[in-house]
Amino acid sequence: MIDRPARPRVLVVDDGALIRLYYRETLEAAGFEVAEALNGIEALEKVLSEPFDLLVVDINMPKMDGMSFLRNLRGETASAAAVPALVISSEAGEQDADDARAAGANYYLVKPVSAADLVLHVAVLTGVTA
């Protein structure tokens, strides 16, 4: 059994500093513990070295984009592959959402996302009840 902190741990993967700050402040205010990664490579390293309850992932990032990150992650260890992923992207096409789900996303939202919607979706995907 893996020891988990009392607060669900969320890894925010986005190359935008302001987006990461917005997600961090919103989620920490709602009681989540938040870590950050700037791209898919950094995120993959973090997920393989420490447990997370949810990944909040952007698509367009340098070095390794969100789709590649999810495809790589889903091919790793069972515990890493099982972490749910919420993709939040500026890509608004139906095909973008389908591609994200095919890569391993559990849910897809289009930016901008309100604080209330972010907290709601993160709570649902981590199993947090009100």
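The model is predicted: local features need pLDDT of at least 70 and side-chain atom pairs pLDDT 80 or more, while totals for chains, interfaces and linings use all residues. Residues are numbered from 1 along each chain as its sequence is written, and side-chain values use heavy atoms, without hydrogens or water. Helices (H or I, at least four residues) and strands (E, at least two) are DSSP runs, numbered from the N terminus.

**Strand pairing**
- Ala85, Val87 and Ser89 point one way from S4, and Leu86 and Ile88 the other way.
- S3 and S4 pair in the parallel sense over three bridges, where pairing requires that DSSP finds at least two bridges between two strands, and Leu86 is the bridge partner of Val56.
- S4 also runs parallel to strand S5 (residues 107–110), joined by four bridges, with Ile88 opposite Leu109.

**Helix H3**
- In H3 (residues 66–74), Gly66, Met67, Phe69, Leu70 and Leu73 are buried.
- Seen down the helix axis, the buried residues of H3 fall within an arc of 160° (taken from the directions from the axis to the C-beta atoms), so they line one face of the helix.

- Tyr23 counts as buried at 3% relative accessibility, whereas Tyr22 is partly exposed at 32%.

Conventions: Buried < 20%, exposed > 50% of the residue type's maximum accessible area, 1.4 Å probe, protein only.
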